[in-house]
Structures are given as C-alpha cells and as structure tokens.
2 protein chains.
Amino acid sequence: MKNKKIQNAFYAQSGGVTAVINATACGIIEAARSRPDKIGTVLAGKNGIIGALQEELIDTHFESNASIQALRYTPGGAFGSCRYKLKSLEKDPRLYKRLIEVFKAHEIGYFFYNGGGDSQDTAHKIGEASKKFGFPLLSIGIPKTIDNDLAMTDNCPGFGSVAKYVAVSTREAGLDVLSMAETSTKVFILEVMGRNTGWIAASSGLAKDKPEDPPHLILFPEIPFQRPLFLKKVAETIQRIGYCVIVASEGVKHESGNLLSASSEKDAFGHTQLGGVAPLLSQWIQSELNLKVHWAVSDYLQRSARHIASGTDVEQAYALGRVAVDFALAGKSDIMPIIRRESSSPYRWSIGEAPLSCVANVEKTVPRTYITLDGFNITPSCREYLSPLIQGEDFPPFQNGLPVYARLQNKEVSKKLPPFEF
Amino acid sequence: MKNKKIQNAFYAQSGGVTAVINATACGIIEAARSRPDKIGTVLAGKNGIIGALQEELIDTHFESNASIQALRYTPGGAFGSCRYKLKSLEKDPRLYKRLIEVFKAHEIGYFFYNGGGDSQDTAHKIGEASKKFGFPLLSIGIPKTIDNDLAMTDNCPGFGSVAKYVAVSTREAGLDVLSMAETSTKVFILEVMGRNTGWIAASSGLAKDKPEDPPHLILFPEIPFQRPLFLKKVAETIQRIGYCVIVASEGVKHESGNLLSASSEKDAFGHTQLGGVAPLLSQWIQSELNLKVHWAVSDYLQRSARHIASGTDVEQAYALGRVAVDFALAGKSDIMPIIRRESSSPYRWSIGEAPLSCVANVEKTVPRTYITLDGFNITPSCREYLSPLIQGEDFPPFQNGLPVYARLQNKEVSKKLPPFEF
C-alpha cells in the first residue's frame, strides 16, 4: 500500500454458520470497497481465526462485484468457519504474537470477527493483546448466531431466518398431520436446534393463529422435562383436537439437568452427540400412548435454508457488516454493533454498539415471561418479540429450479512468514 | 337436483398427502363449477373413502371461489386423507353396496379418487362394482404420490415438489458442511422418504453442478447396501474433497432384503417404523471412521413444503384435476389421466389416459440405467428425466412472514342413511 493511511482489513467467520452470515460478509466487503481511500483489500481468514494463525488469507479483491453481491443471498460461510476457542494471552502468548506478525506482514489495521459469544471473546482478546503489544489494530466483533443467545443486542443475525424456517415448517407439517390423523399418524415431532436456549423452538409458536393450531406443545431447554406431564399433555391434545404437533429443542433437559438426547443416544448407540430428542419422544409416545408418530430432525437444513430466509434478518445481517466498517473507520474498537429495537409494532430498529467485554461469553435464555405458565407454549409478549424478526421474504435467484449461490475463487495471498504450529 | 342430467361429484384424497394434492382438488372443483349444466356440487369425502362409507360428505359449495383458489397453494389434504385399502367385492360386498347407497342418496354420478397405487385400485374396484350393480357411476382415478412410483404416467403430481425440496436442501446444507469441515462436522446425512423406490433420493443429485458438489453419495432402495463399500466411499470422499454429503432413502436395504432402519430401530427401541437410517449410518461413520457427523430426517417437512413447491408440479396437479372432470363429462370411466412427456429439453408435456387396471398396484422403481455403475449417484439420463420436474417456483402468498394457507369450512351435508359399521 503506497498511502500509509490505507490499510487492509481482516474478516473471518466463526462458529456454526447461518443462512445470512455471508450477507454480513457482503456488507463488510461492499463498504470496504466504497472507501478505497482508507481500506486496501479485505483479507478473509480461511476457516476463521485459523486462517490468520496459518497465514491462509483469501484476497477478496479477486472476486467480482457480482460475486460479492451474490454473497448476500448465499448460505453457509463462503470463506470457511471454525470451531476454535483462542486461549487467553496469559495461557498462550505465542498465539497472539503470531496473529500480530501476520497482521503486520499483510498491513492489516482492521479486524472484523463474525460469530457468537465465543467469537466475541476472541475479538475482545485480540483487541486487548494488540493494545498490549502496541500494535495499531481496531477490533470489531459482528454478531451472528442462530441461537439468538447474545447479550446486549435485541436479536442476532441468523436467528430470524431459522425462526422463519421453523415457523413455516411447523405450519406446513401441521397441515399434513391434520390430514392423516384419522387413520394414520396422530403425532408429529419436529426437533430443532438450541442447546441451552429455546429461542428456535419458541419461534415455532408463530405458526399458531388460532388456539387449536400447531404447535400444540413446545419443549424448551429452559423448562425441566417431566415425562408423565408431557405424555398427559399429548394425550389431552389428541383427545381434544385429534392430532398433536410437538416442537422440541435438542437441548431439552431432565429435572436433573441431564440432556434427554444424551441419555437416549447413550442407550441406543453409545454416543452422546445431540440430535436424538425426537426419536426418543416418539418411542415414549408410541409405547405408552399407542399412537402413530412421525418425527423430523431438521439439523443443518434449518440454518442453511436461505431460500426461505427472513427479509428482516438479511437486511440486518448486511447492515451490521456495513456499519462495522463505519465504526472502524471512525476509529472505534473493542465493540460489537448491536440491533436496538425502537418499536415492535410497527417494527423499527436501529444500530447501536456494545463493548465486547459485555458480550463475550454471556448467554441470553428465553425469559420465563415468554413461556406460558404450563411451560408448553409461548406468551403474547414472546410473539410480539419474535414476529418482526421473520417478516419479509428475500428469495434468492433460481435457475433450472434451484437457487443459484455464489461460488467464490477464494485465492489466497502469498505467504510471507514461516509456517506456524499450534 | 331438478334437472335429471345434473349429478353431483364425489372427490376424495387418499394415502400420504403432498404439497400439491389440494391443487388437484382446486382443479376439480373449479372445473365442476364451470359446468353447472352438468355437475351439481362436489361432495368431498371426509378422510378419503371412509367419508363415503360413513356418509361424511363435505359440501364444497359452501366454500368461496377465493377459498377454492387458495387450495392451489395449500399443502396437506384439505378434506382429510386415509390409509385404508378397500377389500375386494368378493371378500366384502357389503362395502360396495353401502357406497352405492350413499352415492344414490346424494345423487352422485361422478367418482374422483386422488391417490397412489392403492387408491387407483380402490377407484378401479368401485368402477367395477357399480357396473355390476347397474349403478351409473363414472369412476376416475387421479394420480398423486411423492414416491413417483405409479405406472403408465411419466411422473406423479407431488413428486416434483419433494424433488425440488430435497435438491434445494442438499445444495444448502452442503454449503453449510463445507464451511464447517475444517474443524468440525465432516459428514452430513439427509434421510429422505421412499420405502421401495429411490426417486426422491435420486432427486438430490440435481443439486450437483460440478463433480465435487454434493451429494457425494446417494443410497437407493434399489441398490443393496454394503457396509464396507459404503464406509470406503465415505473415507475416499473425505480424503479427496474434505467433506461428504450423503442422501439416504429411508428404504435402503441390506443384501438380505431387510431394511437398514428396521434393524436399527429394533435394536434401539423395539419398533420397526421407518425413519432411522440416518442415525444408524451416522453411528457407523463415527465409530469406524472417527468423523464428526450431523444428520437430518426431513420426514413430513419434505412433502408438505409448499413454500418451495415446483411450479411444474403445481401446474400438472391442477391440470390433472381439471382434465379428470373433462374425462368424466365425456362419459369416460375406469381411467386415470396421465402425464405424457413430449420432450425433455425443452420440456413439453401433455395429458393422456390409462386404464385403472394397468395402474393399480404396480410399482415403478428407478431404472438401473438412472444410477451410476458404482451405485452411488445418478446418471445424465436420470438428470435429464428429473430436471424438468423441479422447474419453476410457485411461492404462496405470505402475511406476517408466513405463508397464508386455505382454511375451509368443511360443512358436511345432512345424513340421509342409517350409520354403517365396518
């Protein structure tokens, strides 16, 4: 870079990806391209912070404007993500020295890290370390998580689209079960993500317009599971309306705090990986109530379903990317842009900021007031909170019946440093 | 009915419902409404043929034109479906006598039955019985099945939309896994429907534009499953491109002919219901290859996902409903309208007819030439066959972020006969 004022930006994606994390990437890269007086190129970490440690940096300037635009409607993480928690500076200063060497070698003055609570922690640690080492780096975290569990921000980009997918799927599958209930399937269980928080499960409640509509029972990680009560509720629902649609969070726990799925998977397979609540509940309902059950586990489908993304979510994910660049150019650091809700109806939002230290490693669960007294559905205030987040459709372009998603070249810059082991 | 020439029509939905079976209902009712000189009202069987046996007949004339129009984009079976196979006339003549009594009491001269192979058998038996008893009834079967396994017709309404859902989901989830593969999930398994035929699993192959694209392995019921070969293929794929997306039909069988899922579910839960191939494969891959696996079972979501229905499928489902009425008014009986493919590229189709006796109880599997030699993917000829069926989008209207689906009144006509036990 000839002009000393011009510096490159580092951007990386971290943790579980979403339908809209690339919309944030699009916002950052487009904003950076609009300020060539300040920002050279955006170097994207290949597989998150690991790309920085290994000096695997993707030079986004090789990508056409059209390709970057296409990121706005492409699910997954276009540069690769990682599940990697950076040790603290005290525990492993080598990591931080390496990162700063890489940033220095590639003239990086801006650090953008796009992820959940752990990732905000990473952004915070790197900001702190660069201060300590006297390296001029502005560190901005950008929220992303389908779990909607980040503190300070009203909601998290990525969540609205999962919420919409789950609400739409609940409504659609509900019509299917209702049709079949007379002579065949009477119970349908949809297992959704959410290890510690029930935001995703809660969003299924948006499918309910009338009291008899699905979902009839929602299982939250926040509400201890009681098998007899649950089975009684299922039986009552069948008695009353002839069928029962259940949406269960993968993180549902026994009163002991143990995961239902952990115990089930141990029984059946000797593993403890999550993702087996639905078959377990199905087994109990079949054996104890003698009802025909169908179950679905949507797993990655729910968080990659860009074809049914929330327009609001896409807009916010993109806007947070753009504003992160504005913040950095204004000299701000160690913060995360957040969504502030100005009003729910009509929905109005603005962007604020929060110190990374207040966001890192804090988890926001579903408040008890958002869950009905019996623990099996959402309250009107929860609905008021959730509803704006799924508004609007933002269909990707289709060709030959399928959505056309971005294919980047992902060319890496030449390495300037020796390899690094970690 | 004052004019003797005017008779009512009976219409019912049978078997597993689809995203577009109501589009056929819409076609039938709209066509019937356009011929008030010939057809009085369409009486819909509540829960399929059971509605006729129990004299539970929904009078569709109470539904507004707007509601009937909305059926075109509403998933599930608006009048209820059933899983009920009618015994033969020889075995239980009482059933047929009852049906004819009901038809006579409600001045029904047209019988439209909308379903798969079993349902075409029902339509055939009822047509035969009415001839035998000298009751003037024109019986028309209308194809519907997500399994695409009906004989005589090029494809079945309901299938194209599942195919599109599965292809879109495979593409989207594939991008997710690709992002995560470096440090986390390397294998993703999507389990889809298809007990005896692999048409649905095959359709995932449409997501593949380049050789390295997902799906990397498709498991068909038509190809005997060999565990060592399968695991070798997974390992090779990981070695070559770093991740592996597998689409498995629920009906995958061992060389012995036993279902994989049957054995797994018996081990774990003591049941034999289908829907457990994905967790079983996941267990094997984790324990033998030591790779992190995620799996999804889309179950009812795949066949109710009207939001991502195929435009071609909707158009064909609707057209077959309309033409069924034309056939009946032309005095035809004991036939099923079929889709004839005139050309694949550009796709051109027309409607023909087939005798019900040639359709009933015949099952069309995926030809061996549609499956690659190694048994794990689809050939170009399969792609040429499948591709037109997922073309076009036909999004339902959305309100508050959710699709708005028809809510019928479903008012039943007064009963004229004594109750019937069966």
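Predicted model: local features only at pLDDT ≥ 70, side-chain atom pairs only at ≥ 80, totals over all residues.
Strand β5 of chain A, residues 138–143, is mostly covered, with 6 of its 6 residues buried. Leu138(A), Ile140(A) and Ile142(A) point one way from β5(A), and Ser139(A), Gly141(A) and Pro143(A) point the other way, all of them being buried. Strand β4 of chain A, residues 108–115, runs parallel to β5(A), and 6 bridges join the two. Within this pairing, the bridge partner of Asn114(A) in β5(A) is Ile142(A).

Now to the division of chain A into domains. The assignment gives domain 1 as 7–145 together with 307–362 and 393–403, and domain 2 as 159–305. The centres of these two domains of chain A, taken over C-alpha atoms, are separated by 34 Å. As for how they meet, 13 residues of domain 1 of chain A are in contact with 10 residues of domain 2 of chain A. The side of domain 1 of chain A that touches domain 2 of chain A has, by class, 5 nonpolar, 7 polar and 1 charged residues.

From there I turn to the contact between the chains, where 65 residues of chain A are in contact with 65 residues of chain B. On the side of chain A that touches chain B, at least two residues each are supplied by α6 (159–180), α9 (260–269), α10 (277–289), β9 (293–297), α11 (299–304) and β13 (402–403) of chain A. Which of these elements gives the most to that side of chain A? It is α6(A), with 13 residues. By class, the side of chain A that touches chain B is made up of 31 nonpolar, 24 polar and 10 charged residues.

One residue that brings the two chains together is Tyr405(B), which is found in the segment after β13 of chain B. Leaving out residues up to four places away in sequence, Tyr405(B) touches Leu175(A) from chain A, and also Ala70(B), Thr74(B) and Pro396(B). Tyr405(B) and Thr74(B) are 331 residues apart in sequence, yet in space they are 5.1 Å apart, C-alpha to C-alpha. Tyr405(B) counts as buried because 21 other C-beta atoms lie within 10 Å, where 20 or more are required.

Next, a pair of helices within chain B. Helix α1, residues 21–33, and helix α12, residues 311–329, pack at an angle of about 35 degrees, and their axes are 7 Å apart. The crossing in which α1(B) passes α12(B) is right-handed. Among the residues that meet there are Ala23(B), Cys26(B), Gly27(B) and Ile28(B) in α1(B), and Val314(B), Tyr318(B), Gly321(B) and Val325(B) in α12(B). The residues of this contact divide into 13 nonpolar, 3 polar and 3 charged.

Finally, there are some backbone details to look at. In chain A, a cis peptide bond with omega of about 5 degrees joins Ser345(A) and Pro346(A), and Pro346(A) has its place in the loop between β10 and β11 of chain A. In chain B, the peptide bond from Ser345(B) to Pro346(B) is cis, with omega near 0 degrees, and Pro346(B) sits in the loop between β10 and β11 of chain B.

Asn47(A), although it is not a glycine, has a positive phi of about 60 degrees, and it lies in the loop between β2 and α2 of chain A. Asn47(A) counts as buried, because it has 27 C-beta neighbours inside 10 Å. In chain B, Met152(B) is a residue other than glycine whose phi is positive, near 75 degrees, and Met152(B) lies in the loop between β5 and α6 of chain B. With 20 other C-beta atoms within 10 Å, Met152(B) is buried.

Key: Residues numbered from 1 in each chain as written. Chains lettered and ligands numbered in written order. Contact = placed C-beta atoms within 7 Å. Helix = DSSP H or I, 4+ residues; strand = E, 2+ residues; numbered from the N terminus. Nonpolar A, V, L, I, M, F, W, Y, C, P; charged D, E, K, R; others polar. Axes fitted to C-alpha atoms, helices over the stretch in contact; angles between N-to-C directions. Left-handed = near helix turned anticlockwise from the far one by under 90°. Domains from an automatic or database assignment. Buried ≥ 20, exposed ≤ 12 C-beta atoms within 10 Å, placed from the backbone. Pairing = 2+ DSSP bridges.
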